[in-house]
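Open the model in your viewer and keep the selection tool at hand. This tour goes from stop to stop.

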Amino acid sequence: MKMGLVGFPTVGKTTLFNILTDAGAATSRFGTSARAESHVGMARVPDERLTRLATLFKPKKVTPATIEYVDVAGLRRGDADSGLALADLRNADALLHVVRAFQDPDLVHSEGEVNPARDIDTMEMSLILSDLDIAQKRQERLQLSIRKTKRSEEQKELALVERTLAALEAEKPLRGEVFTPQEQKMLRGFAFLSARPILHLINLGEDDIGHLADFREHFGLETTGNRPGTGLLPLSARIEQEIAELPAADAAEFQNDLGIPEPCRPRVIRASYELLGLISFFTVGEDECRAWSIPRGTPARRAAGAIHSDIEKGFIRAETGAAADLLEAGSLAALREKAGLRLEGKEYEVQDGDVINFRFNV
Ligand SMILES: Nc1nc2c(ncn2[C@@H]2O[C@H](COP(=O)(O)OP(=O)(O)O)[C@@H](O)[C@H]2O)c(=O)[nH]1
Ligand SMILES: [Mg+2]
């Protein structure tokens, strides 16, 4: 799964991208041009359960779940090139919007004075306008083509496109609209950006770090997080970057002094995972302990496909237990003895934290 970082220039996107992925991309006080290349990096999803399973099995290899982050060049309003940056985002499954809340008199903000609530609305509006453009073009084409041939599929699609247009013209992001699975399939090709779930990261300054707990009231964001498919999370990229560069003991002390309960890296990655609607199941053994990502609600047989299509095709049963129970029992044998392992069929809905051994025919 892929998350795209969006945001105005010099708001801290690349700083954050580096914290999340260790990719070491260059930050800039001047903002990158819209033609600059995007950075792509992988983040390992921190999972206490996997760490503990690994101490139990001592495998040769421990493989966490991952999320891909894409840091695209900053968007400038009215910039003809911003279409390019947006195009880069259309492959992303969800968006991470970095919002500047830090003050820095030497660093001019492209949107004027620092105002996170305004930036969030402006960014949403850019996404809506870009989708509107796509929907209008499609509407015109469909109308032309229907005049010639009157194909019923095209008429169905036109009705759907017009529904999206109505929402977009009312300045409503598409993530708030309800579409049937069939409609979602029809819409997939449009890659509408306002339909993506979005996580707004409020990048606090050194002076504002005391507002980690009350940032909503402080910046007038009381209701923003209640919008559909929308998450909100405060952090200070600059401080986190400094913490990441310190030796572990000093880092913990510095973090404590500032009143930061937990580093932002695991918080952001976990929030991303949640926003993407993902859960993890585990496979365990002496060779490898591994976390696998699947969308919440995935039946066992399809979940097997995350590992290999042959296991999905030849699926017989899923021998399943909970990681917490396995950790408590101390071994698979002990868990089996306590009747903590069940045989589940293909329709079983895999739960977050399941440890699964798939039985299959090849
Ligand atoms: N004062 C301050 N500066 C920051 C903070 N976060 C990022 N910056 C600075 O803003 C500039 C742009 O950061 P960068 O991550 O390249 O932003 P991007 O253009 O959004 O990718 C760099 O000089 C950063 O050091 C912050 O929390 N406080
Ligand atoms: Mg950048």
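Select Phe281, Phe315 and Phe358: ring pairs link them into a cluster. Rings of Phe, Tyr and Trp (its six-membered ring) pair if their centres lie within 6.5 Å. The model is predicted, so local features need pLDDT of at least 70 and side-chain atom pairs 80 or more, while totals for chains, interfaces and linings use all residues. Residues are numbered from 1 along each chain as its sequence is written, chains are lettered from A and ligands numbered from 1 in written order, and side-chain values use heavy atoms, without hydrogens or water.

By the ring rule, the count comes to three aromatic pairs. Go to Phe190 and Phe192. Their ring centres are 5.2 Å apart and their planes at 5 degrees, so this pair is stacked (planes under 30 degrees apart; over 60 is edge-to-face, the rest tilted). Phe190 is buried at 11% relative accessibility, and Phe192 is buried at 3% (buried means under 20% relative accessible area, with a 1.4 Å probe and protein chains only).

Next, select Trp292. Arg290 lies over its face, 3.9 Å from the ring centre (CZ of Arg, or NZ of Lys, within 6 Å of the centre and within 35 degrees of the ring normal).

Now show ligand 1. Around it are 18 residues (a heavy atom within 4 Å). The closest are Thr10, Lys13, Thr14, Thr15 and Arg238. Zoom in on the side chain of Thr14: one of its N or O atoms is 2.8 Å from a ligand 1 oxygen. For the Arg238 side chain, the distance is 2.9 Å.

Technical notes: Polar contact = N/O pair within 3.5 Å; in protein donor to acceptor, adjacent residues only side chain to side chain. Buried < 20%, exposed > 50% of the residue type's maximum accessible area, 1.4 Å probe, protein only.
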